[in-house]
Amino acid sequence: MADMSRRYYKEIHDVLTNPGMGFKTFQRFNGDLLNEGTGWTEGFPIEYQRDRGTLITPEHPLCSLSYFRIYWRFLEPEKGQYRWDILDKALYYSRMRGQTLYLRVPPYGSSGTGEDDVPDWFRQMVGPRQEGLHSFWRVDHEDPLYIQHYGEFIRALGARYNGHPDLECVDIAIIGFWGEGEGTHILTQGTREALMDAYLDAFPDTLMVAQLTDPATNGYARQRRRDMGWRVDCLGDMRGTVEPGRWCHMLDLYPLAVIECGVEDAWKTGPVSLEACGVMQSWFNRGYDVDYIIEQSLRWHINNFNNKSSRVPPEWQDKVDAWLKKMGYRFAPRKMSWQNEATAGGELKLDSWWSNLGVSPCYRPHKLALRLTGNGTSYILNTPYDIRTLLPGDALVSTSVTLPEDILPGTYEVEFALMNLWCDKPAIQLAIEGKSPDGWYPMGPVTIQAKA
């Protein structure tokens, strides 16, 4: 084998905005104005803002993710008649603002009015809300009509959007106010599986997260999909620390539920998606310990966070920047080694040492690619390496590319990058110096010999 060249890389400490991780916008997009105060909206069609000519939103990080939560009634106003234009527009705006979309379609909300109920046609079918239901239920989920019709909607949703390039993840919602799953523990196993199967069958090629609810539901989801992630909606609820004796999610529920539901290691294959209880400003106003909240989220291997498009308290900006440097993945290649010489039609071998300085892997299969430039042309060649295996810590990566049969002999400059899923452009910023204006990182020269 030819001798190996090598190059070492210096780490940088910038906040990096990378695909599929970090803060999310909520019912909004990069560049939109934030919610005022500590309130937010959800469940209704997006009220699109005027394009401000910038992707920067003051007092909020730049985001690679947007999140849309819309009630079933708006997407299927008449039985079998779907308003896909609502989702098409949200996906389009996500792409235009440099984001991909998280999506949840809750069956209903909490107001008890028609505006966030199940679709009118379904309400007429099943009748008014019955007495004796779980307090967070609007309909009887054991009713075969619910399993049939909500399940049919989810399958229609999947038939249209499974594998869509701009759909990052589906946030499973089967029952309960806002789709948050209250009461799943009392479902019969047949109903639980039927409702989960609607999603699992409809979205085989799309990332998914399931609300942390109970061992039976989360266990079934993980049994069917080993890459199933999880989410919770009340990160930061520290009421017990400021109101002695008060029950709170951060101390009385989540640490136990992670273990009881068997998701301690789920982060290795599927995203951990956490949502603020209230918003960060309400944490600040109540005197919650943000250092503890952040530390605990990192222990759970947080991949992304929904602050509901509300301001980050300026007093906490440095803490949030430090959080963003650990949330999700953060790749810092330390060393690249490659063959000095290779032959047209043969392999160019690459050995490298990578550090993932974050707390999660990357969950989508971006390709590690080399670009060879010389003789007035360039070639982009993908390696077979699966970057989803780059867990937190260090990794040694040995891989190769196959050179074209017709590549001209000569000396080529070699660069590397982690690529966009859908086109030959770099997608992921690395935590090292040297990035070119078009997103590639330099290695050095290689000499290509003609094929014998």
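## Largest cavity

The lining of the largest cavity comprises six nonpolar, six polar and one charged residue, in what is a predicted model. This cavity has a volume of about 80 Å³, and 13 residues line it, with I172, I174, Q211, T213 and T217 lying nearest its centre. A search of the whole structure finds three cavities of 30 Å³ or more.

## Second largest cavity

The second largest cavity has a volume of about 60 Å³, and its lining is made up of F122, R123, V126, G127, P128, R129, Q130, L133, R138, V139, D140 and D143. By class, these lining residues divide into five nonpolar, two polar and five charged.

## Largest pocket

The largest pocket holds about 760 Å³ of space. It is lined by 38 residues, of which P19, S64, G98, N420 and A427 are the closest to its centre, and the lining as a whole divides into 18 nonpolar, 13 polar and seven charged residues.

## Second largest pocket

In the second largest pocket there is about 410 Å³ of space. Of the 22 residues that line this pocket, E180, E182, Q211, L212 and L253 are the closest to its centre; Q211 is also among the residues that lie nearest the centre of the largest cavity.

Strand 7 (229–235) and helix 9 (254–260) each supply at least two residues of the lining of the second largest pocket, and helix 9 gives the most, with three residues. The lining of the second largest pocket consists of 10 nonpolar, seven polar and five charged residues.

Technical notes. Residues numbered from 1 in each chain as written. Predicted model: local features only at pLDDT ≥ 70, side-chain atom pairs only at ≥ 80, totals over all residues. Heavy atoms only, no water. 1 Å grid on protein atoms, 1.4 Å probe; cavity = no way out; pocket = protein on both sides within 12 Å on 5 of 7 lines; lining within 4 Å. Points joined across faces, edges and corners; volume = space filled by probe spheres on them. Nonpolar A, V, L, I, M, F, W, Y, C, P; charged D, E, K, R; others polar. Helix = DSSP H or I, 4+ residues; strand = E, 2+ residues; numbered from the N terminus.
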